[in-house]
Amino acid sequence: MPDFDPFKDSDGNTAVQEAKPQLKKPPLYKVILLNDDFTPMDFVVEVLTDFFNMSQERATQVMLQVHTQGVGVCGTYSKDVAETKVHIVNNYSREHHHPLMCAMEEA
């Protein structure tokens with residue numbers, strides 16, 4: 001049995017089944033702003049335009065959603081990008097002495 005090869009069938013032909021790689025898209029994460037009673041609305045609009053490249057009108061809509069519903073979605077990103085945006089926005093808010101909180105959740 002020294003000539004046994006599990007990758008060859010009995011007639012000498014190679015018997016290897018190729019498998020396609022099982023790839024899937026990485027999960028996406030929503031970056032959200034949470035409402036508080038102290039951060040000025042203008043500051044929220046500034047954050048949305050500066051860090052999420054929103055137009056003034058779109059940023060105002062999201063700011064009003066945060067104000068009325070308690071939470072607003074800033075965008076959907078890969079995990080690394082979402083984590084970076086959350087970190088940058090939270091640091092920027094603290095530097096300007098505002099309690100505005102940015103978070104992320106799986107989309």
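This is a predicted model: local features need pLDDT of at least 70, side-chain atom pairs count only at pLDDT 80 or more; totals for chains, interfaces and linings use all residues.
Local features need pLDDT of at least 70 and side-chain atom pairs count only at pLDDT 80 or more, while totals for chains, interfaces and linings use all residues. Residues are numbered from 1 along each chain as its sequence is written, and side-chain values use heavy atoms, with hydrogens and water left out.

Start with the charged pair. The count comes to one salt bridge, taken as a side-chain nitrogen of Lys or Arg within 4 Å of a carboxyl oxygen of Asp or Glu. Here the side chains of Lys30 and Glu105 come together at 3.3 Å, N to O. The two sit 75 residues apart, Lys30 in strand S1 and Glu105 in strand S3 (residues 101–106); strands (E, at least two residues) and helices (H or I, at least four) are DSSP runs, numbered from the N terminus. Glu105 is partly exposed at 36% relative accessibility, and Lys30 is partly exposed too, at 25%. On this scale, buried is under 20% relative accessible area, exposed is over 50%, and partly exposed is in between (1.4 Å probe, protein chains only).

Next comes Thr39, in the loop between strand S1 (28–34) and helix H1 (41–52). Thr39 counts as buried because its relative accessible area is 12%. Its side chain reaches the backbone nitrogen of Leu100 at 3.3 Å. Leaving aside residues up to four places away in sequence, Thr39 touches Val44, His98, Pro99 and Leu100, where contact means heavy atoms within 4.5 Å.

Strand S1 also holds Leu34, which is partly exposed with a relative accessible area of 31%.

Definitions and conventions
A polar contact is a pair of N or O atoms within 3.5 Å; within protein, one must be able to donate a hydrogen and the other to accept it, and residues adjacent in sequence count only if both atoms are side-chain atoms.
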